[in-house]
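Take a look at the complex below. The paragraphs after it go from confidence to fold, and then to the packing of helices.

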Amino acid sequence: MSDLDRYLAEPKPPALSAQFSQRVAARLPRSAAAPRSSALVRAYWVVFALFVIWQLASLPLPRWAAFALTPILLVALTTPFRSWVRLLAPMLR
Amino acid sequence: MSSDSDLVARFRETRDEELFRQFVERHQQRVFHVALSVLGPAYSGDAEEVAQEVFLQAYLQLDGFRGDSALSSWLYRIAWNRAVDRRRLARFRHPHVAETEPGAASPDASPLAEVLDRERFARVQAAVETLPEVYRTLVRLHYWLGCPLLEIQEITGIPEGTVKSYLARARKRLERRLANV
């Protein structure tokens, strides 16, 4: 074995921890443990979105702006926070 | 022992985590080795984290796997990409060689010999760092992690003959670089 081989073979390779598969299992997303928002909560957010849009309508905005803002706000306010986080996380990394 | 595709087909039907655990245990060592070979000896913690992320990603995307390639190749490709991404971050966080040290020198080695040994080791590690990504990974897989050529072919998808010639070229580069120092 040449000197180069010896140095390339060092240091002793680290071993994967014995609990690796358990650690992976612990990180798996649990669909049952994280239930989707209930219908009541979703309904609340829809009502809240409509309220915000109603408030915005009282502002002196041009009609095209109101038309453009309404769907954007509806989507933005009724999308669960978790979905935004999932969507934006790769961009913020 | 059932094949990967059988295991995954049963997992897709049942979503039984025990089946996924079997899949993890079957590939964890190689995924870890891929991550280690890209990140280097100083980042075994990062490599383990990358390996965990690889299996999480696989868990989420197994339903979308079309089977165009072997499942293992798909998994190792994810590991490679994730490790390369992590390497970009890791390079900014720490110096790349300082944390690694050679194994214990022989008990009768003099302190001077020990210092020289460490110095040579650091030079070799620094030279490995200057190799192109593919060469560096192959050198680490083969010489450091002891993977046979056939296993490297399975992991990287590079044909055995090409792996051999890449390793020979990498060695030549290393020898040239070390001779110049």
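Chain B has an average pLDDT of 83, and 86% of its residues score at least 70. That score is the predictor's confidence in each residue, on a range from 0 to 100. Chain A has a mean pLDDT of 76, with 83% of its residues at 70 or more. Within chain A, confidence is highest in α2(A), at 88, and lowest in helix α5 (residues 81-92) of chain A, at a mean of 72. Where pLDDT is low, the predicted coordinates should not be read in detail. For the complex, the predictor gives an ipTM of 0.70 and a pTM of 0.66.

This is a predicted model, in which local features need pLDDT of at least 70 and side-chain atom pairs count only at pLDDT 80 or more, while totals for chains, interfaces and linings use all residues. Residues are numbered from 1 along each chain as its sequence is written, and chains are lettered from A and ligands numbered from 1 in the order in which they are written.

Now the fold of chain B. Its secondary structure comes to eight helices and zero strands. Along the sequence the pattern reads α-α-α-α-α-α-α-α. Helices (H or I, at least four residues) and strands (E, at least two) are DSSP runs, numbered from the N terminus. Of the 181 residues of chain B, 33% count as buried. Buried stands for 20 or more other C-beta atoms within 10 Å of a residue's own, exposed for 12 or fewer, and partly exposed for anything in between, with C-beta atoms placed from the backbone. Among the contacts in chain B with a separation of 6 or more, 65% join residues 24 or more positions apart. A contact is a pair of residues whose C-beta atoms, placed from the backbone, lie within 7 Å.

The axes of helix α1 (residues 4-14) and helix α2 (residues 17-39) of chain B come within 9 Å and cross at roughly 150 degrees. Axes are lines fitted to C-alpha atoms, for helices over the stretch in contact, and angles run from 0 to 180 degrees between N-to-C directions. α1(B) and α2(B) are therefore roughly antiparallel to each other. The cut-offs are under 35 degrees for roughly parallel, over 145 for roughly antiparallel, 65 to 115 for roughly perpendicular, and oblique for the rest. The crossing of α1(B) and α2(B) is left-handed. Left-handed means that the near helix is turned anticlockwise from the far one by less than a right angle, and right-handed that it is turned clockwise.

Which residues of α1(B) and α2(B) meet? From α1(B) come L7(B), V8(B), R10(B), F11(B) and T14(B), and from α2(B) come L19(B), F20(B), Q22(B) and F23(B). By class, this contact of α1(B) with α2(B) has six nonpolar, two polar and one charged residue. Ala, Val, Leu, Ile, Met, Phe, Trp, Tyr, Cys and Pro count as nonpolar, Asp, Glu, Lys and Arg as charged, and the others, Gly among them, as polar.

R15(B) sits in the loop between α1 and α2 of chain B. Its phi is near 55 degrees, a positive value in a residue other than glycine. R15(B) has 13 other C-beta atoms within 10 Å, so it is partly exposed.

Next, the interface. The contact takes 19 residues from chain A and 27 residues from chain B. On the side of chain A that touches chain B, α1 (3-8) and α2 (20-27) of chain A are the elements that give two or more residues. α2(A) gives the most, with six residues. That side of chain A divides into 12 nonpolar, two polar and five charged residues.

α2(A) packs against α2(B) at an angle of about 135 degrees, with the axes 10 Å apart. The two helices, α2(A) and α2(B), are therefore oblique to each other. Their crossing is right-handed. F20(A), S21(A), V24(A) and A25(A) of α2(A) make this contact with E17(B), R21(B), V24(B), E25(B) and Q28(B) of α2(B).

α2(A) also packs with helix α3 (residues 44-61) of chain B, where the axes come within 10 Å and cross at roughly 50 degrees. That makes α2(A) oblique to α3(B). Here R23(A), V24(A) and R27(A) meet Q52(B), F55(B) and L56(B).

Methods
Two residues are in contact if their C-beta atoms, placed from the backbone, lie within 7 Å.
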